Amino acid sequence: MDIENAQIHLSELQEERRKHKIALPGILKNKIVIKENDIILNNNEKELEPYFPNIIKNPLITLEIDNTNLENYNDHSWYQTMSTNISDPISKDNSTSNSFIKEMTNIYNDDDIIKIGILFVGLQAPGGHNVICGTLDYLKKKNKKNILYGFINGFDGINEYNFMELKNEYISMFRNSGGFDMINKGVKNIHENYINIKRCFKICRHLDLNGLIIVGGVDTSKEVAILSEYFEFVHNSVNKQNHDSDVASITDTSNITNKSPSSIFIENQNNEFIDDNTYHQDDTYNIVSDISDEEVKKKYPKKIRRIKKKTKIISVPTSIHNEIKNDKVECSLGFDTTIFTTCQYISYLMSYIQTYKKGYHFVKVIGNKSSHIALECFFQTKANIVLISEEIKKKKMTLNDIVNFITNSIKIRYKNGEKKYGIIIIPEGILKNVQDIKKLVNLCLHFKTEFIKNENAQNETTQNENTQNEKYYNPDLEYLYSPSKQIMNKFKTYIHTNMDKENLDLFQYFPLFFQNQFLAEIFSDNFQYNNLGVEDLLAFLVKKQVEVEIDEIELITHYYGNEVTSALPTNFDCAYSYILGFGCVEMIINKYNGYMCSVTNLKNILSNVNKIKIVGIPIYKFIKIEKKEKINCCENDNYNQLFIKEKNLGIKTKARTKKVSLNDEYFLTYKTLRSKYLESDNYRILSGIQYNYYIKGDNEKLVSYYKSGNKMFTNDNILYKSKMENEICNRINFTIIGIHNDIENCEKKNEIDTHNFDKKNEQNFNCNYYKHLNNLSKVENILTKGIIKFNTNLIRHNTTIQVIENNFGNKINCDTFNNINKITDFYIISENTINTKIMSKEMSKNITNNYHTNYNYMNRNDSIYSSFCKSVGVVMLSHVVPGVNNILVGLHQRLSINNLKLIGFIKGIKGLLNNETCIINDNNIKSSINLGGFPLLGNQISYNTDDNEIVHIYNLFNSDNIDKIIKSCENNKITNLVFIGDEKVISIMNILNEIFIKKNINIKIITVPISIYNSYDKNLIECSIGYHTTVHIISNIVSNIQRCSINLNKYYYFVKIPANISSSLLLSIQLETHCNICCIGEPVVAGHLINLFTIVEHMSLVIIERINRKKNYGVILLTSNLLFCIKEFDDLCKDVDNNVKTEMEVAQIVNQEFVSDQ
């Protein structure tokens, strides 16, 4: 890799994350001793003993400080996490006075160099890179000559002898980053071929490795146990053979097996002869000599030493599903980031429904075997409904039971508060635990086998009749991997003919799209429940029942899959993984084999790292015996014979998986809360991961304009720097359940506060959706206390409005607006030259009147209002964007200085026309500062009147609606309106201003420009509100997708970016993320459309070129307005307009398989 070129392309966030320092516990800053604790075997472990005799007696170990050594150490140097700082004070100042430091820095020779290998297996987990970083840093701290090898593509790197030496210059680009792409992960397990186990031993022997660290998920425990047992078996066998003087017994495999109690390793007797003059043969070579040395010689042609080291196997608890089952594994690596990233995405939906108060969102989250992620997300976000797979399985619920439960829940919410919104969390593997679905799957898989046999028999008969001399073609692949539509229809007919009524009714109960998806998965080579769109199925079936009683209800589906597993790790996972790397090195140095390194007391890893403990858990604790019918195996397949016993049973090991227990406190807490969360709204929004944030410190002095003695107002927000700038968010551990025990207290406190608040204040003011401070999450609390940087002159009384010269106004065509004087003038707010701290009310009146005179408003009929307005109205007239809450905050704070009242119209256009208002004050606005959405006032772009007439924004020009606006302003004594909206709203503002001036109505309207598209003229508005945040959020999501595609190495993701007439948003995201292909919606030449074939051809050429470079992955960005520049789509629209007259004709065309030329 071109490291220098790669470093140039790192984003600013990646650069900042690289610099993040991780505090190490005192254990790792002193000399370490290992404390062993014997373990009493349970019944399952006793059954494992015949198969893992060499590792079954491994004790539980704990890393502790050796208090007799290293009393003096340099604290600062051990807090460095960058291995470039090797020559630090610890090796310079203390080496003469400390014997342990001398031992670390001076006495190493070539034989004492530590060499360790590391590899990734299974699904990527955030924090995996930091395991490598911690391992390398600790190795280099001990001796600069120590070596760390990374095996490329997991176990494939071992089988193919594909590895690289990892150095700081390379790994520094991946510090505190997500994914497994530093050395890539493997998808194949080593136990699939017994030869590969011997290959693993041989490469470790040739590289002279002290240890091999395997970073993988739950299923990896089985591979670690097999490798650990095999390595011990080989070395123990050699040690026993060395006591036998008979040389012939060394090559007798049966003798070796008899000498070792292990019955699972039986070797071939065909040993290759190696010339001892060219290559030294150590004692272990006799056992693995049936593997050729040619590949490894080419890859690693160094001389082999006579004294070989025993390689130790250590694993790391990596599982985003948190399914590793052991009391000493409190939380698996990657779970925290996965939870928080998923909750972050769910939080966006919650902000949406709090603003618009519509839509049930069915959110499918990862979790094929267990519901840990779904349940944890429920606790974190306080969603309305979560489906627990384990509970569904225990209750033997059917699909219809689940649909009825969700339907009844929606009806309850509508009955109690007319709520047409909510969040429903669904684990992706839930259908595996639905009783009738599982029966249907098993039956269809059986039918598939019979169907393929019948089809093959017919094809064979036909082929023998027609082409007797041709080679027989087996069409299984066609059926299994790419079934055609004709084959699918034939299989449907086969199902209808042979399936019993109960299962057939269930299959027909599915919507058509799910039937096709279900059968396509049945025909796949490996049926996976998580590939089925369960969220789409449930949404369709629920809507079918709900819409009978509830009108205009929306059900939207979402799926947050593997992309969340590639997100940037939280500070928790960064620290956890980094410390695990240190622990693995210590266990290898102390020659412990067959262990999983873990950390306990994880709740202190960020707040008080010295309280954590590093433990080593014997790997056999994570596997169990699985008894099945005897399996068929080849006679020469020694690996499949490993677990065959004399009895008529096949003994097979299986990783122990932790599922949600329905009897522990974790689930019982959920049962006590779910009815509350179902009926009421207790949403906790966890916005973007806040690594560092400024908040106001209690003892912090202001450093601002007011430091010079100017008066400070109570509502001012000035930039502070807090002493706890890096501490607050570091102390937030987002994975509370299982680590923290404070959820019950938190829930009780929130329940009391919310209950009291609702009784006391629910009638005090009107609003769209109120968020009480007690219901805010920790992240929201931090954000609401955040400091807003702005020009302090704007909050002072002595400001004025000045006209500035410009030439741009001449380019604006304003002939339509004849009554708005000086519409092309540009104004700025500046500090008044009069040095007065507080202006009198009379001066304020004069300036206000003069300002109005400039706009020729003094000729209007002002008899209704006082000369100085007391109220300002604000209304949202377009879709909400990030940052609009702070528009309200700024308006309120500035107006309150002049004792002016801010009145908000609730639900946008509906509130403006129907006089539904909310008075903005300090109490109801402070829970919205710096947060997303627009819950206090809400939004409604259009609404249905009592006459079933739909009113849109462009209907505001109607005379009836203009009268309603005037009446709403009169009732609230409003003479100034603030419209918050996009480009269309600016046009509406000018038209209404023109009408009001023409009619002598004293209502003045200004607009705050918001837009996620940033399609304003850059000469007028540099950047619209909401654009920057939108670019950041979507870029973050696209970055996760990019990292996921790199790790999976087999998908091309097509990402559609929203756009209006401009593709500015798409281009900004492309500049941030550097995706492979970017398709904008504007034609290259104005007025000239492009052919669809041309777009497809260009994309295909890029993809083919990447495939030729062995890159089977990529991300393609498309803009939503791309269709408008495609010629075929334009022709289609014209054809439909000219020939299709009714909706019925459109429906017929959509449902037809083939559309006629007519």
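1. A residue is called buried under 20% relative accessible area, exposed over 50%, and partly exposed in between. In this predicted model, Tyr-1051 has a relative accessible area of 37% and is therefore partly exposed.

2. The whole structure holds 35 aromatic pairs. In one of them, the ring centres of Tyr-1051 and Tyr-1053 are 6.1 Å apart and the planes stand at 70°, so this pair is edge-to-face. Phe-1124 and Phe-1129 also make an edge-to-face pair, with 6.4 Å from centre to centre and 85° between the planes; Phe-1124 is exposed at 61% relative accessibility, whereas Phe-1129 is partly exposed at 27%.

3. Ring pairs also join Phe-378, Phe-379, Tyr-666, Phe-667, Tyr-670 and Tyr-677 into a cluster.

4. The largest nonpolar core has 99 residues, of which Ile-118, Ile-132, Ile-423, Ile-425 and Ile-579 touch the most other members. Helix α24, residues 571–589, gives the most to this core, with 12 residues, and the core draws at least three residues from each of domain 1 and domain 2. Apart from this core lies another, of 52 residues, including Leu-399, Ile-426, Ile-430 and Val-441.

5. For Ile-118, leaving aside neighbours within four places in sequence, the contacts include Val-131, Ile-132, Leu-148, Phe-151, Leu-166, Ile-183 and Val-215, and also Thr-135 and Gly-150.

Key:
Residues numbered from 1 in each chain as written. Predicted model: local features only at pLDDT ≥ 70, side-chain atom pairs only at ≥ 80, totals over all residues. Heavy atoms only, no water. Phe/Tyr/Trp six-rings, centres within 6.5 Å; stacked < 30°, edge-to-face > 60°. Buried < 20%, exposed > 50% of the residue type's maximum accessible area, 1.4 Å probe, protein only. Core = buried A, V, L, I, M, F, W, Y, C linked by side-chain atoms within 4.5 Å. Helix = DSSP H or I, 4+ residues; strand = E, 2+ residues; numbered from the N terminus. Domains from an automatic or database assignment. Contact = heavy atoms within 4.5 Å.
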